[in-house]
Amino acid sequence: MEIKTREEHGVIIVSLSGELQRQTAPGIQKKILPLIAPDCKILLDLQEVSYISSAGLRLLLLFYRQIEEQHGHVVLTGLQEMVKDTMSITGFLEFFTAYNTVADGIAALNQ
């Protein structure tokens, strides 16, 4: 799993590449949790994520709860069909707003 972070227009963009599963979740958690701060705006770009397991879903829920607790906002972008289906079937898309592109996600966070 590759994790890249950058900031653009006041939004922290976290781009993940690979599989979001039990073996990769701890490293992702260690990298992203420190980015969560009061009123933060975080965009998780999942365009290069080919698979998400139940451990990956739990991790996304943890991020969502931590960000909400800090009165921040989070959006997802670039969901591949398999990942989108998994999140939809399990009800996780009810927690997150998903956009097709990073630009759309940034625009939504900055409204």
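**Close-up views of a predicted model**

View 1. Setting aside residues up to four places away in sequence, phenylalanine 96 touches Leu60, Leu61, Tyr64, Val74, Leu76 and Met87; contact means heavy atoms within 4.5 Å. Another core, of seven residues, lies apart from it, and its members include Val11, Leu43, Val75 and Val102. A nonpolar core is a set of buried Ala, Val, Leu, Ile, Met, Phe, Trp, Tyr and Cys residues joined through side-chain atoms within 4.5 Å. Buried means under 20% relative accessible area, exposed over 50%, and partly exposed in between (1.4 Å probe, protein chains only).

The model is predicted: local features need pLDDT of at least 70 and side-chain atom pairs count only at pLDDT 80 or more, while totals for chains, interfaces and linings use all residues. Residues are numbered from 1 along each chain as its sequence is written, and side-chain values use heavy atoms, with hydrogens and water left out.

**View 2. The largest nonpolar core.** This core has 28 residues, of which Ile42, Leu44, Leu60, Phe63, Met87 and Phe96 touch the most other members. Two or more residues each come from β2, α1 (25–32), β3, α2 (54–69), β4 and α3 (81–89). The greatest contribution is that of α2, with seven residues. Helices (H or I, at least four residues) and strands (E, at least two) are DSSP runs, numbered from the N terminus.

**View 3. Threonine 77 in strand β4.** Strand β4 comprises residues 73–77. Threonine 77 counts as buried because its relative accessibility is 0%. Its side chain makes a polar contact with the side chain of aspartate 45, at 3.2 Å. A polar contact is a pair of N or O atoms within 3.5 Å; within protein, one must be able to donate a hydrogen and the other to accept it, and residues adjacent in sequence count only if both atoms are side-chain atoms. Beyond its neighbours within four places in sequence, threonine 77 is in contact with residues including Leu43, Tyr99, Val102 and Gly105.

**View 4. The buried face of helix α4.** In helix α4 (residues 102–109), the buried residues are Val102, Gly105, Ile106 and Leu109. Seen down the helix axis, these residues fall within an arc of 100°, so they line one face of α4; the arc is that of the directions from the helix axis to the C-beta atoms. Their cover includes β1 (2–8), β2 (11–20), β3 (41–52), β4 and β5 (97–99).
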